[in-house]
Amino acid sequence: MMSSSFNIFRVGISFVMVCIFYKSLVDSLPALSPQKYFSTLKSGKASLAYFCQADSPSTSIFLEELNKAVKPLQDYGISVAKVNCVKEEASRYCGKEKDLMKAYLFRGNILLREFPTDTLFDVNAIIAHVLFALLFNEVKYVTTLEHLQNIEDTLKGKANIAFAYVRAIGTPEHRAVMEAAFVYGTTYQFVLTTEIALLGSIGTEDIEYAHLYFFHCKPVLDVTQQCRRTLMEQPLTALNIYRFIKSMEAPLLTEVAEDPQQVSTVHLQLGLPLVFIVSQQATYEADRRTAEWIGWRLLGKAGVLLLLRDSLEVEIPQQANVVFKREEGMPVEYLVLHDIDLVISHVENNMYTEEVREDEDDDIEGPDMDTLGIQDDEVAETVYRDRKRQLPLELTVELTEETFNATVTASDSIVLFYAGWQAVSMAFLQSYIDLAIKLKGTSTMLLARINCADWSDVCTKQNVTEFPVVKMYKEGEKPVSYAGMLGTEDLLKFIQLRISCPVNITSVQEAEEYLSGELYKDLVSYSSVSVLGLFSPTMTTAKEDFTEAGKYLKGCVITGIYSEEDVSILSNKYTATLPALLLARHKEDKVESLPLANTHAQDIVQIITNSLLETFPEITVENLPTYLRLQKPLLILFSDGSINTQYKKAMLTLIKEKHLDSLTPCWLNLKTTPVGRGVLQMYFDVLPPLPLLVVVNLHSGGQVFAFPSDQAVTEQNLLLWLKKVEAGLESPITILPAQEWKPPLPAYNFLHMMDAAASQHSSRKGPECVKETDVQENDKEQHEDKSAIKKEPTETLRIKHWNRSNVFKAEKSFRHDNREL
């Protein structure tokens, strides 16, 4: 735990780096010979050495970062230096090339830690690693919830805990935590983790960013009682951590009996507002309990005080029960808030306003700064907005290269192939998990997923070339790819309709039950149309084509085939010429027949797919792409609620008489699909009276025509207006721009930028080793005492080294201009 050795560290620590000499840094980094370096080692002081030879490759980038770390480390009593290997002096650290890729941290003449230089990739990593190594007792690294719980139980009634999660060791957030531990390590036990699973297990909502929790364990005397936890909601910087910890040290509740305008506490000094709960003698106990509860809710966000109205010498409004003081010198606000949540909300909203103002100040730095927090498109923006949502991924099986084949062959499986870096994949993953929630405990189908970003070989072998992709695996059958909408309901339909198609119907009675929906009544809600192919026994080729089409449509619609000798009974009843399709529409309780003479499998698929579309559908966000694929102009009836009977009758009459075959007639309910209001406002600038008929030609010209508002919607008027539109006698109310959907700013080629930076460094004069000229004669006789250099056993830490390439990851994003209907 917090050992007394921490105080020894703070007495004096030197941090010495033995490295390649770089001429421009000579003033900042002292260059020593090995003998000179070891002669300067003193008990209780730490040093880190990197030994170099004259022919060593350039480490200019590393030395630049090391130079930046000199001053901050000196503030902690840590000095930085480098050591040059010379032929005249022998040292175990000037030997093999692999030894020259490490930095060695000493305390006195005892070796504490070896660091591969690629882990010290910038100033933050250098400072974080050095402090982490020196504070191994003050900062416990944990990987499991059990380990964290053991530390918590040990410290109950003794000390509080500062628990931090950082994405990796060596990040700026890790440095900030280590610097805080250097200052507060003797007062609080610091606990660190890089495990996302551990962070999620303690109930945090957002696992994308670094977090700091304050565990209030010192007041807890019962070992079975959990320590209260307060989350620091600001970004993990050294200043924010300091302010947060100082606010944790402040009293939870303070009683005052003076003018709120004159009251000042440590919270105001830390930039936090004050909340006064107004109390009077008759309700004192209840008011104090309320104030304490608010104090816990606002801990780290504001100071909470109990204002005793009966003892005040100044008057405050009689109705006011809350006083809010934003900052020193500003007038206080007298509020009437009768709910705790309203008090919390008022404070948080005012804090948010201040944060926004700070962001606005930052935006002044450049004209394009306002686009940095905006995503490329609405899918990416949705994923970013929902990033705090924790998904129950355990409801699906995560596959790897080792488990994939065994899993999909052992049971019927649905597998999602996705890429963790792609917005569409992550958006669909949410729908996939929602599906798992719906099917939990009711389906024999195994739901699995595999991240192709991690297991690209598996996805390549499964012929996955785009993301996301869903495939159904059944024993003895080829995998079936899902081709529907990327939504929960459509995917659920795909799974429920997984019966082998086409179904072989063996009798006229069974065929009638199939067409009525009785044969598969549990599936009618997922497939409102049942398709039955009628063939004579000798129509082999036609049956093969229909069978191929049925297999392709598996999961989209139920298909059946009837090819018995008495097939004429059905063909005569439904006036069908063999070969034929019977389409049973269960909602409308009718059966249609379509001829299939000389129709190939691909054409059959198209016929069935088109037959699944409603003749006068309600357009929604989910089904719009399906109707856009028809490549026809849209005849849309916009309605603010249920459809007008007169309008519907006129439309259905024209549809039945096939006057609208060149259009896609549909209607849009603004109450259920409110995005339609934005569409209309784009067409008309202001929302026009409803209902309203509009023709939108998206695929040719982008013209938008509106039915005259002064005319009644009848079959005759509508047909006449459509003929005028077709003949070019009507003027469009607007023309949609044919612009491409691109980000407003060009993307950055970060790999190219990195290569350019590397070439600039390589073009500089190479570093060279410099011999010591001021070394005394007796220094030359001093040799390294190998027996004095011991390795001190240190706590083994399972830490993730932050790969240098991660530093260059881009998080800049842009917004597309949204193209409306």
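Predicted model: local features only at pLDDT ≥ 70, side-chain atom pairs only at ≥ 80, totals over all residues.
1. Now to the cysteines that are joined in pairs. How many disulfides does the count come to? The count comes to two. As a reminder, a disulfide is a covalent bond between the sulfur atoms of two cysteines. One of the two joins C217 to C227, with 2.3 Å from S to S. This link of C217 and C227 is right-handed, with 120° about the S-S bond. You will find C217 and C227 in the loop between β10 (211–216) and β11 (228–232), 10 residues apart. C217 has a relative accessible area of 0% and is buried; C227, at 2%, is buried as well.

2. The other disulfide to look at is the one between C452 and C459, where the S to S distance is 2.0 Å. Which hand does this disulfide have? The torsion about the S-S bond of C452 and C459 is about -90°, so the disulfide is left-handed. Are C452 and C459 buried or exposed? Both of them are buried.

3. Strand β18 deserves a slow look. The strand covers residues 413–418. Six of its six residues are buried, so β18 is largely enclosed by the rest of the structure. In a regular strand the side chains alternate between the two faces of the sheet. Here both faces are covered: one side carries S413, V415 and F417, the other carries I414, L416 and Y418, and all of these are buried. The partner to notice is β19 (residues 446–451), which pairs with β18 in the parallel sense over six bridges.

4. What does the side chain of S413 reach? That side chain reaches the backbone oxygen of S411 at 2.9 Å. Setting aside neighbours within four places in sequence, S413 is in contact with T407, V408, M445, L446, K471, M472 and Y473.

5. The largest nonpolar core has 52 residues, and V177, F190, L192 and I241 touch the most other members. Which helix gives the largest share of this core? Helix α4 (residues 123–134) does, with eight residues. A second, separate core has 22 residues, including I643, V695, F705 and F707. Returning to I241, its contacts beyond four places in sequence are A176, V177, A180, L212, M232 and L236.

6. Helix α4 also holds N124. Leaving out residues up to four places away in sequence, N124 touches G170, T171, P172 and R175.

7. α6 is mostly covered, with 11 of its 13 residues buried. Among the buried residues are E173, H174, R175, M178, E179, A181, F182 and Y184. The buried set also includes A176, V177 and A180, which are contacts of I241, and R175, which N124 touches.

8. Finally, have a look at a three-stranded sheet. Its strands form an open sheet in the order β1-β4-β3, with parallel pairing. Which strands are at the edges? They are β1 (31–32) and β3 (51–52), each pairing on one side only. β1 pairs with β4 (residues 82–84) in the parallel sense over two bridges, and L32 stands opposite V83 in β4.

Notes. Residues numbered from 1 in each chain as written. Heavy atoms only, no water. Pairing = 2+ DSSP bridges. Helix = DSSP H or I, 4+ residues; strand = E, 2+ residues; numbered from the N terminus. Polar contact = N/O pair within 3.5 Å; in protein donor to acceptor, adjacent residues only side chain to side chain. Contact = heavy atoms within 4.5 Å. Core = buried A, V, L, I, M, F, W, Y, C linked by side-chain atoms within 4.5 Å. Buried < 20%, exposed > 50% of the residue type's maximum accessible area, 1.4 Å probe, protein only. Disulfide = S-S within 2.5 Å.
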